[in-house]
Amino acid sequence: MGFATVHSVLTVILFVGFVALVIWAYGKKRKKDFDEAANLVFDDEPESKEQKTKRESDHE
């Protein structure tokens with residue numbers, strides 16, 4: 001295998017990995033987690049035990 005072949009194969013592998021990462025990041029399953037993380041900056045009130053339990057059960 002020559003250098004050009006190895007370089008081409010590596011490029012294809014990295015491109016497929018990039019596309020997989022983009023699909024994972026923008027998938028509908030991740031939206032809730034990312035929205036929650038984005039709103040953490042606004043969450044300055046401490047959670048009560050009931051709220052924490054409810055949030056954990058909603059996450060599953």
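Read along the sequence, the protein chain has the pattern α-α-α. The model is predicted, so local features need pLDDT of at least 70 and side-chain atom pairs pLDDT 80 or more, while totals for chains, interfaces and linings use all residues. Residues are numbered from 1 along each chain as its sequence is written, and side-chain values use heavy atoms, with hydrogens and water left out.

Reader: Are the planes of Trp24 and Phe34 stacked or edge-to-face?

Author: Rings of Phe, Tyr and Trp (its six-membered ring) pair if their centres lie within 6.5 Å; planes under 30 degrees apart are stacked, over 60 edge-to-face, and the rest tilted. The structure holds one aromatic pair. The ring centres of Trp24 and Phe34 are 6.3 Å apart and their planes stand at 85°, so the pair is edge-to-face.

Reader: Which helices does the pair link?

Author: Trp24 and Phe34 are ten residues apart, and their pair links distant parts of the chain. Trp24 belongs to helix H1 (residues 3-25) and Phe34 to helix H2 (residues 28-38). The helices are H1 and H2.

Reader: Which residue lies over the face of Phe34?

Author: A charge sits over a ring if NZ of Lys or CZ of Arg is within 6 Å of the ring centre and within 35 degrees of the ring normal. At 5.0 Å from the ring centre of Phe34, the residue over the face is Arg30.

Reader: Which residue meets Arg30 in a salt bridge?

Author: A salt bridge is a side-chain nitrogen of Lys or Arg within 4 Å of a carboxyl oxygen of Asp or Glu. At 3.5 Å, N to O, the partner of Arg30 is Asp33.

Reader: What is the N to O distance between Asp35 and Lys31?

Author: Asp35 and Lys31 are four residues apart in helix H2, so about one helical turn separates them. Their side chains meet in a salt bridge, N to O, at 3.1 Å.

Reader: Is Phe34 exposed, buried or partly exposed?

Author: Buried means under 20% relative accessible area, exposed over 50%, and partly exposed in between (1.4 Å probe, protein chains only). Of the 60 residues of the protein chain, 0% count as buried. At 37% relative accessibility, Phe34 is partly exposed.

Technical notes: Helices (H or I, at least four residues) and strands (E, at least two) are DSSP runs, numbered from the N terminus.
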